[in-house]
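Take a look at the sequence and the 3D structure below. A short report follows.

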Amino acid sequence: MSQNHPDRRTFAIISHPDAGKTTLTEKLLVAGGAIHMAGEVKARGQARRARSDWMKIEQQRGISVTSSVMTFEHQGLVFNLLDTPGHEDFSEDTYRTLTAVDSAVMVIDAAKGIEPQTLKLFEVCRLRSVPIITFINKVDREGQSPFELLDEVADRLALDVCPMNWPVGMGGTFSGLYDLVEPSLAVPGKEASRAFEGERIALTRHDDPKLAAAVDSRALDQFNEEIELASAGYASFDVDAYRNGDLTPVYFGSALKEFGVVDLLAGLAAHAPGPQPQPAEPAPVRPDDDAVTGFVFKVQANMNPAHRDRIAFMRLCSGKFERGMRLTQGGTGKAIAISRPMLFLAQDREMAEEAWPGDIIGIPNHGTLRVGDTLSERSDVMITGLPNFAPEILRRVALVDPTKTKQLRKALDDMAEEGIIQVFYPEIGANMIVGVVGQLQLDVLISRLEAEYKVEAKLEASPWDTARWIASDDAAALKQFQADNRGAAATDRDGAPVFMAKDAWEVGYVTQRNPSIRFTATKERV
Ligand code: G4P
């Protein structure tokens, strides 16, 4: 494969709601030259939201339920930023998005430190050894001390930390960022909130008199004290340790005031890995393999409510993709001509004439493509490792108008396909059961049933709270187990057997009593 194309940095930002992900996204796009006006990300989001009914939930709750992709070119590299919804209730989608990135930026609020959602998302990154750059945001406000924050990251995430810069003062006395790699000081421009226009003063060392002259005198004493300790007390930057997921470089900054954002972008450009090999059967797919192979990590319907169109988001893992290519869908063996692939730019979408490993393309389709699908020029390859998660809430779906059974089934199938919900068909009884990880998914479900499918339905309590996929090497034992537990037996929409349980305790009890059966909380598509 020819290599004369810019390298890619395909990454996501992980954070707890309110830490500043939206603001940082926007400022990265500004710093990368992709957009020129602040407010662009939100404004565009609002325009899109206005278009479809189900996104009303986003408006009402002020959160982003859908992920999108933003691509920009900067300093000879292509950056693909995958947006992940930050709400703690709606995380399956986020988890899957993280299977499509090569690295992540973890945003932490300097006052709050590591919060629950940060931790959950970090754990997903760790499972896949995704390298992480940390951005400690909001240093323009009073926060915890840099030492406390670095220790918290090191202790709670079991990572080596390497500060790349150091704030001179915080909150009211904040007067710049000292670069620990190449001694220099970034100070605000004349207009305090436009730091991109600010000055960078080259220094010989941290005790260079030019620094003292440029910063708040109250901040200076504290900085001098801190910097001695900081220079001596932490691991030095080691790119291999970072790429293995053992060390995180830490940038302090303020997304809102545009501090540290340029340095973060430079850090991503210099250190973040390009496209990585993707786990697959029979062997991992490598970015320099000739054959085009990719996988669908997200499907989004209702981009236009007048049509049943959906967009499958495919991460390209190998080969040079060209518009019009025919790719084979793993599993079904169906050949699909990709004639209208889309690229997502910061402000626009355009037809993708070509794409390279690390790129995300949108493929319009009518429901053929599902989350987890492999698309390839080869017919013998399956990307693995896109999990379904065990639901934590199970509800019975009851129709208000019983003549709409067909529509309901179609709607649930569609939404299961998008990964909004999981649907289970119990052995006994005609009611379908929906499973979700968080309550918000149920709100999305009801809202879309009414708006898109004109089906009025109610969700009723079910006797179960959770479910496990079941398997066994002993087919007879599995059959016997299903027969003994008919009341709790179901299949998922792929026909895979599922055991529904009242609670986690019951799962534990039943697991212990049936050693020949495997109960799994995630179902990987292989
Ligand atoms: P999220 O996507 O992670 O949920 O966070 P978002 O960027 O929306 O930021 C959450 C709030 O934190 C916003 O304030 C935002 O302006 C503020 N913020 C982000 N970065 C910084 C920073 O570096 N310094 C300070 N001081 N604040 C920051 P808001 O009042 O909730 O929203 P808005 O009305 O300003 O949009």
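## Around the ligand

By class, the shell around the ligand holds four nonpolar, seven polar and six charged residues. Ala, Val, Leu, Ile, Met, Phe, Trp, Tyr, Cys and Pro count as nonpolar, Asp, Glu, Lys and Arg as charged, and the others, Gly among them, as polar. Of the 17 residues around the ligand, Gly20, Thr22, Thr23, Ser254 and Leu256 come nearest. Near means a C-beta atom, placed from the backbone, within 6 Å. Helix H1 gives the largest share of the shell, three residues.

## About the model

This is a predicted model: local features need pLDDT of at least 70, side-chain atom pairs count only at pLDDT 80 or more, and totals for chains, interfaces and linings use all residues. Residues are numbered from 1 along each chain as its sequence is written.

## H1 and H10

The axes of H1 (residues 21-31) and H10 (residues 261-271) come within 9 Å and cross at roughly 75°. That makes H1 roughly perpendicular to H10 (angles of 65 to 115 degrees count as such). Axes are lines fitted to C-alpha atoms, for helices over the stretch in contact, with angles from 0 to 180 degrees between N-to-C directions. Helices are DSSP runs of H or I with at least four residues, and strands are runs of E with at least two, numbered from the N terminus.

Lys27, Leu28 and Ala31 in H1 meet Val261, Val262 and Leu265 in H10. Contact means C-beta atoms, placed from the backbone, within 7 Å. The contact has five nonpolar, no polar and one charged residues.

## Strand E27

E27 (residues 433-436) runs antiparallel to E25 (residues 393-399), joined by four bridges. Strands pair if DSSP finds at least two bridges between them. Arg396 has Ile433 as its bridge partner in E27. Phe424 also stands opposite Ile433.

Note on methods. Parallel < 35°, antiparallel > 145°, perpendicular 65-115°, else oblique. Contact = placed C-beta atoms within 7 Å.
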